[in-house]
Structures are given as C-alpha cells and as structure tokens.
Amino acid sequence: MDCALLLLSLWALTGTASPQPSGTCPERLLGEERKRTCPRPCKVDKDCGSKRQCLCDGHCGLSCVAPGRTCPWPLPHSDKSEARLLSPTHSFSALLEVRCKPGFALSNGLDVTIRRCQGDRQWSGDEPICTEASLPEAAAVPTCPLPEEVINTFSVQGDAAVGTSIRYSCLSGADIVGSSENFCQDNQTWQNPHPICKSVYCKPPREVEQGYVVAVQKTEYEVDFDIHYLCKKNFLLDGPQKITCLTNGSWSASPPHCRARCLIPAERSRVVIGGIKRWPFDVTDAMVPHGENVTFFCKHPRKQCSFTATQTCFDGKLQTPACYLEPTWLQFKLFPHRLVSEIEACEPGDVE
Ligand SMILES: *[C@@H]1O[C@H](CO)[C@@H](O)[C@H](O)[C@H]1NC(C)=O
Ligand SMILES: *[C@@H]1O[C@H](CO)[C@@H](O)[C@H](O)[C@H]1NC(C)=O
C-alpha cells in the first residue's frame, strides 16, 4: 500500500515538475502562506524577464522561476530519518525522499514522503517529523524469526526488526562460535546463521589419595557440577570439601589432600598434645592427626632442667626435635622421676 501511495505521489510531483502547457499545471492555490512563498505568477516565459522561465511550481501553479536555483542539500543528519535525492541534482523540481528509520513514522502513519525542490528554494511540504511509532505499530514492524533454542541459549540484544542488527551472548557465559552479531534482512531472514555456544566441560580433577569422591566418575564434568570429597578413616581432609566446575572450564579450587596421622616418635617421655601433658602410650594408637603440634622436653646442656621444643605432624611425618633424647628402658624403669619430661622447667633466663 505504501508503494502504491508512493507511486501516486511521485506521479503527481513529476507531473507538475517539468515545464508544461498551462492546461496541466494546477491553478495557484490562494492563501496567505502560498502568496508569501510562491514566485511571481506567469503564463509564458516572456512574462518573467530574461533570467527566469515560466515553469510549473507545484501548488504555486505557473511561476517565474530561475531553474538553476537549488534547495538545501545535504540536509542535517537525523537519528530518526534518512533523506535521499531521487534526482541527479538538488535544483528546481528535483525530488527528495525522506524515509523514517525503523520504528519511526510520520504523523500520517506512513514512513516515507517525497519532497520537491520549489521555486522558493525550499523543499515542498512541511518538514517531515518522524516520531517513534506507537506500540501497535511497533508490533507490526516486520522482524526476523528467533527460534526458541536461540532464545534459550543466548541473551539477545536488539528487537530483531528488519534492517537492524542483534548481538548474541551465551547465557552460560561460554564462548561464542560464529559471528556474535547478525543482521535482519529486508526479506525477514538473517544474514548469517546463528552462532553456537561452545559447551564447557571441566576435565577430571587430580585424584585424591586416601580419599573418596562422592560423585560418579566421568571423563568430563558439565558446568556447575560439584564433586564432594571424603577421606578414608584416620585421614584428615586438607582443602575444600567440595569443588565446582566453573563456566570457564576450571574447577573452583584444587582438590583437597587427605593427610595421614603421625606416630608420636617418643615412648619414654611425656609430651604436650593439645595443651595436655601425657604419655604417648596413653594416646589412642600413639598417633596425632595431621597438623597437630607435639611439644617435646629437652634437657638443658649444663643445668638439671628442661625446656620444650615443638614439632608439627604433617601428612604422616613427625620428627623429634634435634635436642630430644629418648630415655633408655633402664632410665625409664628405675628413675622415672629423673626423666627429662619430669624434672623442673628451666627458668626463662636459663634457655639460650
Ligand atoms: C576461571 O575463572 C576463575 C574465577 O572466575 C579464575 O580464578 C580462573 O583463573 C579462570 N581460569 C581460567 C583458565 O581462565
Ligand atoms: C601448631 O602450631 C602452629 C605454630 O605455632 C600454630 O599456627 C597452629 O595453629 C598449631 N596447631 C594446632 C593444631 O594447635
């Protein structure tokens, strides 16, 4: 329908644009405004003097016009419309098409109008004003189809209207394979195929010795997959209890370690564990968990007093401090009160 109207108006405008016998040029419309902007009326060229010709000037009728006079061109840029010359020049009788951009329309509901360069060096008609099309009209703007799987996979920027572009981003945060931009063509098809989101997987994490994975073992794990860890009896979890496959294919953390207990490397001396001074054989299995501190008693090199040295159990390894001397069986049996762990502690000043 737009097209028919356009042709009709083109016919009407061109029909009046070229020099013609007075019979087909409309009579000048009388009215205040017309009088002001219309050039002098005429019947033949002779009426106009040497520099002007008697030409049909649209609604002004036959008028004295200088044919070389031009109308403003180019026109100022507009965000809402595009102007295009339909004639090779912008001089008298040239035609100008003004088309509203998608989503905008003229007050008469159409999105295009034709203007003619008049004898007064102005483009005919009122300045076309393209305004944002109201909602029902916007809904009628032709669009390109966005299939459900595209909407479910991507966040799409743009309204998919004909003549506009959209941008895709993967909802999963994954990388896009293909073009991240697409253009909706006039025939309501997309210029490019829709891209795809690269599926993201995490590789199996390193195995945890002495641990259990509370999950089905797989060759690859999808995003958001959690792996929970447990350690075998007597092993202590060192690290996260759970790791998660992130959207970039990395795990949220390194898998934990399962750390072994340590045998207390003393038998005939008391040691301090968790603030309590006790005999190793009184401790369950004579073992301490990973990370536990064990404080040993050492003898002062010259004085009859003891000082302490602490060692930490790390994954099954706990050494006595260099100063520690394991009492002999005889010392332990015959002189238990003289064992280093049982004698007086040195004064702070005694310890070098
Ligand atoms: C994956 O993302 C996490 C957190 O956003 C970041 O710490 C890690 O370095 C990333 N890994 C890679 C391989 O980009
Ligand atoms: C062991 O000692 C270290 C250093 O003094 C301390 O940081 C840690 O918390 C102690 N560990 C235990 C289980 O008490």
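The following legends describe close-up views of a predicted model.

Residues are numbered from 1 along each chain as its sequence is written, and chains are lettered from A and ligands numbered from 1 in the order in which they are written. In this predicted model, local features need pLDDT of at least 70, side-chain atom pairs count only at pLDDT 80 or more, and totals for chains, interfaces and linings use all residues, while side-chain values use heavy atoms, with hydrogens and water left out.

**View 1. The protein chain as a whole.** Five helices and 25 strands make up the secondary structure of the protein chain; helices (H or I, at least four residues) and strands (E, at least two) are DSSP runs, numbered from the N terminus. Of the 352 residues, 32% are buried, where buried means under 20% relative accessible area, exposed over 50%, and partly exposed in between (1.4 Å probe, protein chains only). The accessible surface of the chain is about 22000 Å², with 54% belonging to carbon and sulfur atoms; such areas come from the Shrake-Rupley method with a 1.4 Å probe, and for residues only the protein chains shown count as cover. Among contacts (heavy atoms within 4.5 Å) between residues at least 6 apart in sequence, 42% join residues at least 24 apart.

**View 2. The open sheet E3-E4-E6.** Three strands in the order E3-E4-E6 form this open sheet, with antiparallel pairing; two strands pair if DSSP finds at least two bridges between them. Strands E3 (81-85) and E6 (112-116) stand at the edges with a single partner strand each, so one side of each is left without a neighbour in the sheet. From one strand to the next, the twist averages 20°, with axes taken as lines fitted to C-alpha atoms, for helices over the stretch in contact, and angles running from 0 to 180 degrees between N-to-C directions. E3 and strand E4 (residues 95-100) run antiparallel and are joined by five bridges. Glu82 stands opposite Arg99 in E4.

**View 3. Surroundings of Arg115.** Arg115 belongs to strand E6 and counts as buried, at 6% relative accessibility. A polar atom of the Arg115 side chain lies 3.5 Å from the backbone oxygen of Trp123, and a polar atom of that side chain lies 3.3 Å from the backbone oxygen of Gly125. These are polar contacts (pairs of N or O atoms within 3.5 Å; within protein, one must be able to donate a hydrogen and the other to accept it, and residues adjacent in sequence count only if both atoms are side-chain atoms). Leaving aside neighbours within four places in sequence, the residues in contact with Arg115 include Leu95, Val98, Asp126 and Pro128.

View 4. Leu246, Asn248 and Ser250 surround ligand 1, a residue being near a molecule or strand if one of its heavy atoms lies within 4 Å of it. A nitrogen atom of ligand 1 is 3.0 Å from an N or O atom in the side chain of Ser250. The protein buries 25% of the 360 Å² that ligand 1 exposes when taken alone. Around ligand 2 are Gly291, Glu292 and Asn293. An oxygen atom of ligand 2 is 2.3 Å from an N or O atom in the side chain of Asn293. Taken alone, ligand 2 exposes 360 Å², of which the protein buries 26%.

**View 5. Backbone geometry in loops.** Pro74 lies in the loop between strand E2 (62-65) and E3, and the peptide bond from Trp73 to Pro74 is cis, with omega near -5°. Asp224, in the loop between strands E15 (221-222) and E16 (226-231), has a positive phi of about 80° although it is not a glycine. Asp224 is exposed, with a relative accessible area of 59%.
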